[in-house]
Amino acid sequence: MSKEERIEQLEAYKLKERFTLDDWEDREVEMPMPEMVMLMKLEVIKFANFLIAQLKADVENLQTKTQLYFNAWDNEFFDQDQTEFIVEVEYEAMRIAGVDGDKLMI
């Protein structure tokens, strides 16, 4: 897949509806307050924007840059269930960008 196709798919990825009540029920976890869900959505968009910026800049090693992103990620606002859910959602963006999420330490 070309860089342009990856960017286009990441732009579409940002528009998807996530963290719905059904998603939380599937996880058997209580849905947080709407404000927290909005913060989670914004976190996913922020990550997608990071990937897009890296692709546009033709970075040498996107895998390493993504690891550094997560090393610096301040997720203190989210509990463990929320953090895990965010990362699971972001795996799709990683796949689109060509990052192997299984090789990251998050």
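Trainee: Which backbone oxygen lies 2.8 Å from a polar atom of the side chain of Arg18?

Mentor: This is a predicted model, where local features need pLDDT of at least 70, side-chain atom pairs count only at pLDDT 80 or more, and totals for chains, interfaces and linings use all residues. Residues are numbered from 1 along each chain as its sequence is written, and side-chain values use heavy atoms, leaving out hydrogens and water. A polar contact is a pair of N or O atoms within 3.5 Å; within protein, one must be able to donate a hydrogen and the other to accept it, and residues adjacent in sequence count only if both atoms are side-chain atoms. Here the backbone oxygen is that of Tyr13. The side chain of Arg18 also reaches the backbone oxygen of Lys16, at 3.3 Å.

Trainee: Is Arg18 buried or exposed?

Mentor: Buried means under 20% relative accessible area, exposed over 50%, and partly exposed in between (1.4 Å probe, protein chains only). Arg18 is buried, and lies in the loop between helix 1 (3-14) and helix 2. A salt bridge requires a side-chain nitrogen of Lys or Arg within 4 Å of a carboxyl oxygen of Asp or Glu. Arg18 has none; the nearest side chain of opposite charge, Glu92, is 4.1 Å away.

Trainee: Why does Thr66 count as buried?

Mentor: Thr66 is buried because its relative accessible area is 0%. This residue is found in helix 4 (residues 62-72), and a polar atom of its side chain lies 2.7 Å from the backbone oxygen of Leu62.

Key:
Helix = DSSP H or I, 4+ residues; strand = E, 2+ residues; numbered from the N terminus. Lys, Arg positive; Asp, Glu negative; His and termini not counted.
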